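Here is a short report on selected local features of one structure. Please keep the model open while reading.

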Amino acid sequence: MVAEVIVDIAHSEVDKIFDYLCDDGLQAGCRVTVPFGRTYVAGFVMRVKETSSFASLKRVARVYDEPPALCKECLVLAEKIAARYRVPMALVLRLFLPSEMRSGKVGEIYRAFASLAAGADESEISPRATAQRALFEYLQEHGKTPCTLLRERFSGVLAALEKKGLIAVARERVQRSPYADMTAESAPHELTAEQKNALAAIASSEKRVQLLHGVTGSGKTEVYLNLIAENLKQGKSSVFLVPEISLTPQMLSQLRARFGGAVAILHSGLSAGERFDEWWRMRSGEAKIVVGARSAVFSPLENIGVIIIDEEHDGSYASETAPRYNTFDVALLRAEYNGCKLVLGSATPSVETYMHARAGDYNLIKLTKRINSRPMPEITVADMRREVHRGNNSFFSAALRRELEQTLADGNRAILFLNRRGYSRSVICTECGYVAKCESCDVALTYHHEEHCLKCHYCGARYRMLTACPECGGKHLSYNGAGTERVVEELQKLYPAARVLRMDNDTTGGKEGHFKILRAFADGKADILVGTQMIAKGHDFPAVTLVGILDADMSLHFSDYRSGERTFQLITQVAGRSGRGEEPGKVVLQTYDPENAVLRYAVAYDYEGFYENEISLRRATAFPPFSLIVRVLVSAETDADALEGLKRVYFPLEKIYFDNPDKFLFFNKMHAPVKRIQGRHRYQVLMRLTDGSLLPAVYAVCAENADRRYLAYVEENPANLS
Ligand code: ADP
Ligand code: ZN
């Protein structure tokens, strides 16, 4: 027999099928090792056939003794995705496998544990060997502990104690099941009439895509859980996608409580081993439900009954690394393959999605009321121009302060939202105008007070805080634009008795970083939660009765055609965190532009009005969804290489432009807005196309001009044009 193999090398030159001789019975989807050139490489069997048109084939060297890692559907899907985005198959296949499986580093379900040997006596350790003693005492206190952990904490002494016979090391099978301890009582709710209607409408619809447009707090999650339960009953599996941060402790415990071991959880904070185990639980059919961020769309589940994309408008569903897939596109392919429905949910659907729903391409279902007919929180607009006029230069308007004080007095909770972390946006010398910038990126540094350093928000680099201007020696440095740290500082000055928590990228490190903060807030350990957009989504804190939006204009002024849409979504989502419990909620929205149409629709909770306004604007200006913005980004270590790359892709692209002038609304090459990121020089060819018909040709230009010296890739309607 002959196996058609894709070798696991992501390079266009070897991006093709290689034939190898193999034994009878080898299955498609299996992992293999094959001789390749002068070495051996990993590969995947795509198909098995009788004969090959090539003579003198080499033989497959090793077949992994396990069920095929890739199911039939994955193979079909991978080929479609590779063709769509013009990326090497190897790169696409990697999406379907836990990375640990490729590296070969993880995989053993066995782990070494150390414990004190029977009769071990601490006096056998020299009194001067303090590290050995510390380890001994640790084991005395904690008992059996994984060796990896001990090696991290007590480096170098584990082996010594083992040699002395004081500790015993044994390998044991472990089951890594993340968040297994997270269970709460979570009986299914009695469904409301709207929820019942929604489920009935989804069940009876003929359409592939269903859009569940439900206001915040209308109980969309309960609808999803019912869909999943229904499918589980029929022996079918479910894919439940959420924006990364919406994997809240509450959501996880609800899923665990209802579906137990049938749920697999994928989360960027999982350890390599946990991810690997969850993956095999799905592949083996033990787990039939997956909940996770966008990469969970590649889960190895078979016989899928429903795919759900919650908060479908969220930017995290577009991948920003190769292959730059769109989660919706992949989900749709899987839904078609399985003949199942794709359910999108949001309180603020993207304009494009809503247009499809209005046009009848998708089935549109609405949840118009909050659970128990709770009112939507009333939004008060604070005009910050007037505050300044009155001499109030703080971050808090009089209205917000009044409401905060009332909330604290009532013993309720508040959330304050500001989409900028750190202490100040930039540091500027008031004498010469010098701005502190990152050495590897063309962006201003942000001052972080707590860590007393300057940070680059693009590459994460840290710099020592300046005491004087490095250009002119001036001592007067000004800190412009407030961040979350500064808001917390001000709050503590104003309300010393209030307990304040901060949630942003700086405070949520580690596996459970953001869970810890959310749980502390949910458990009533703080009165005020200050945070960036990560507090906007999905959270359900019944005690929150006040939401303050400190700078509603911030996202309005980006020169992005979607800035209005993003602002509307963000305000609606953040406001939706208020008044989800018994007590009605309030929102104070601070702005310098109270007349702005987007803000006015958001304040009135008028999604339809916003949509009408926005779609006619897009139509008039021929912006997406009435056109397609395509950017080819070229980057390289040196400016010369980046320019060389730009030249190589520009001329073939220009030819497409000259050949199809009627399909182009815009075509130009230029520096990328941020000229350098992480030391890489960046250029772009920016295009606005009337439709997607030329996309394959654009992708082909990048694929055919791939080169080691630079990186060139295509972005469709990029969320971030930096
Ligand atoms: P959404 O996702 O639409 O913002 P959630 O799904 O978070 O709303 O639901 C809001 C709250 O209402 C949650 O606390 C949830 O447990 C509760 N809930 C949902 N459905 C019902 C129901 N049928 N009866 C009572 N409470 C419900
Ligand atoms: Zn940087």
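## Cis peptide bonds

Pro-323 sits in the loop that runs between strand 13 (304-310) and helix 11 (327-338). This is a predicted model. The bond joining Ala-322 and Pro-323 is cis, and its omega is about -10 degrees.

A cis bond also links Pro-624 to Pro-625, with omega near 10 degrees. Pro-625 belongs to the loop between helix 19 (607-621) and strand 27 (628-636). Most peptide bonds are trans.

## Positive phi

Most residues other than glycine have a negative phi. Asn-303 has a positive phi, near 55 degrees. Its place is the loop between strand 12 (289-292) and strand 13. Is Asn-303 buried, partly exposed or exposed? Asn-303 is partly exposed, at a relative accessible area of 43%.

Asn-372 has a positive phi too, near 60 degrees. The loop between strand 15 (363-367) and strand 16 (378-383) holds Asn-372. Asn-372 is exposed, and its relative accessible area is 59%.

## A buried arginine

Arg-577 lies in the loop between helix 17 (563-575) and strand 26 (586-591). Arg-577 is buried, yet it forms no salt bridge. Which side chain of opposite charge is nearest to Arg-577? That side chain is Glu-311, 5.2 Å away.

## The ligand site

Ligand 1 has 16 residues around it. The nearest are Glu-190, Gln-195, Gly-217, Thr-221 and Asp-540. By class, the shell contains 3 nonpolar, 8 polar and 5 charged residues. Which element gives the largest share of the shell? Helix 8 (residues 220-233) does, with 3 residues.

In Asp-540, a side-chain N or O atom is 2.4 Å from an oxygen atom of ligand 1. In Gln-195, such an atom is 2.8 Å from a nitrogen atom of ligand 1. In His-189, a side-chain N or O atom is 3.0 Å from an oxygen atom of the ligand. Taken alone, ligand 1 exposes 570 Å², and the protein buries 81% of that.

Definitions and conventions. Residues are numbered from 1 along each chain as its sequence is written. Chains are lettered from A and ligands numbered from 1 in the order in which they are written. This is a predicted model: local features need pLDDT of at least 70, side-chain atom pairs count only at pLDDT 80 or more; totals for chains, interfaces and linings use all residues. Side-chain values use heavy atoms; hydrogens and water are left out. Helices (H or I, at least four residues) and strands (E, at least two) are DSSP runs, numbered from the N terminus. Buried means under 20% relative accessible area, exposed over 50%, partly exposed in between (1.4 Å probe, protein chains only). Lys and Arg count as positive and Asp and Glu as negative; His and the chain ends are not counted. A salt bridge is a side-chain nitrogen of Lys or Arg within 4 Å of a carboxyl oxygen of Asp or Glu. A residue is near a molecule or strand if one of its heavy atoms lies within 4 Å of it. A polar contact is a pair of N or O atoms within 3.5 Å; within protein, one must be able to donate a hydrogen and the other to accept it, and residues adjacent in sequence count only if both atoms are side-chain atoms. Accessible areas come from the Shrake-Rupley method with a 1.4 Å probe; for residues, only the protein chains shown count as cover. Ala, Val, Leu, Ile, Met, Phe, Trp, Tyr, Cys and Pro count as nonpolar, Asp, Glu, Lys and Arg as charged, and the others, Gly among them, as polar.
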